[in-house]
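Hello,

Here is the structure I promised to pass on. Have a look at it first, and my notes follow below.

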Protein chains: 2
Amino acid sequence: MPTPAKPTRLTPVHSELATMLAQCGLKVTRPRLAVLKIFKNSTHPISVQEVAAALPSLPTIQASPPINSVTIYRVIDSFRQKGLIREVNLRHGHLDYEIIEHLDDHHHIVCTSCGLVEDFYGCGATSLIRTAIKNSRNFATVNEHTVELFGLCRKCISL
Amino acid sequence: MPTPAKPTRLTPVHSELATMLAQCGLKVTRPRLAVLKIFKNSTHPISVQEVAAALPSLPTIQASPPINSVTIYRVIDSFRQKGLIREVNLRHGHLDYEIIEHLDDHHHIVCTSCGLVEDFYGCGATSLIRTAIKNSRNFATVNEHTVELFGLCRKCISL
DNA sequence: ATTCTAAATGCAAGTTAGTTGCAACAAGTA
DNA sequence: TACTTGTTGCAACTAACTTGCATTTAGAAT
């Protein structure tokens, strides 16, 4: 009779999120799993306030006491420090955050009238970065870059 | 005897700043001249707080009552709306603002360790913008763009 | 399993940035 | 010079965010 697989406490999605946390040296806690799940679920960059507003909809959070807002700030800051998320400014009057999927070349077009956000990939910054470093007196390396485009979406331009 | 030149109340620099304000439909007031002068003088993007801190050093301000902080917020917001200044995120924990000199292609490299900021020009975004619009389902025009590079300066990389 | 320790969380209180409503004032115009 | 509208200053307010500290807990050591 074959040994039955040992039951694990973590659901598959939990184990994926838990691994992400563990790999960057963060302890796996309920608030961190929850906030990370919000970022995973979100299709676009979101603010601290939006994270806070989305948390109560998670089953794991509904089942237990709500997460203190101080904790949300600290969790988001730890994610940012560890490079799990990045800060983006879409000129919505505050900063937003989004998960960093890989070493992706991922950017946004924002409508300055209605705020609509669309993604685009591949900004071809590598050659730009090379020449920028060559021309710079002070800089040695560039690890990250942001590119955001601001314009008008089709709906707003025809208003 | 030749007619003496009529004395003008505005110094040359005032008239230049005043013209900038008038050209975008803003009334020429003491707070606006002062804040605009701070932006003109600054070599790099600055925050609302830095503007407020710099104002008392201006002779015109020293000579009269200080400018209310509410007014600073409103002046900066009016400048941003009129396109005199732009908002930039250098990941210093807040938003900064800098004067828009022309239709310039002006960007920054920021040291993620010490915060040093250096300018660079010409990011070659025009072709990027063309392909981004072509690939976009929703967007029709792009009027503005931001490009910021984040890395380590020579000093910090050797620490 | 149990114990241990550093890290993470929650709470309460405080600080600061930024906003709003309104009355007084002043720039630009007739 | 007077008028009108936009601008400013003040006071009060709101919300974002921070700090200090006691409690709890994840992960590692035993």
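**What I found**

A:His106 sits in strand β3 of chain A, residues 106-111 (strands are DSSP runs of E, at least two residues, and helices runs of H or I, at least four, numbered from the N terminus). This is a predicted model: local features need pLDDT of at least 70, side-chain atom pairs count only at pLDDT 80 or more, and totals for chains, interfaces and linings use all residues. Residues are numbered from 1 along each chain as its sequence is written, chains are lettered from A and ligands numbered from 1 in the order written, and side-chain values use heavy atoms, without hydrogens and water.

With a relative accessible area of 11%, A:His106 is buried (under 20%, with a 1.4 Å probe and protein chains only). Among the residues that A:His106 touches are A:Arg86, A:Glu98 and A:Phe120, leaving aside those up to four places away in sequence (contact means heavy atoms within 4.5 Å).

Now to the two chains. Their contact takes 37 residues from chain A and 36 residues from chain B. Two salt bridges are found across the interface of chain A and chain B (a side-chain nitrogen of Lys or Arg within 4 Å of a carboxyl oxygen of Asp or Glu). A:Glu144 forms a salt bridge with B:Arg91, with 3.0 Å between the closest N and O atoms. On the side of chain A that touches chain B, β5(A) gives the largest share, 15 residues. β5(A) also runs antiparallel to strand β5 of chain B (residues 139-153), joined by 13 bridges (strands pair if DSSP finds at least two bridges between them). There, A:Glu148 has B:Thr146 as its bridge partner.

Best wishes

Definitions and conventions
Buried < 20%, exposed > 50% of the residue type's maximum accessible area, 1.4 Å probe, protein only.
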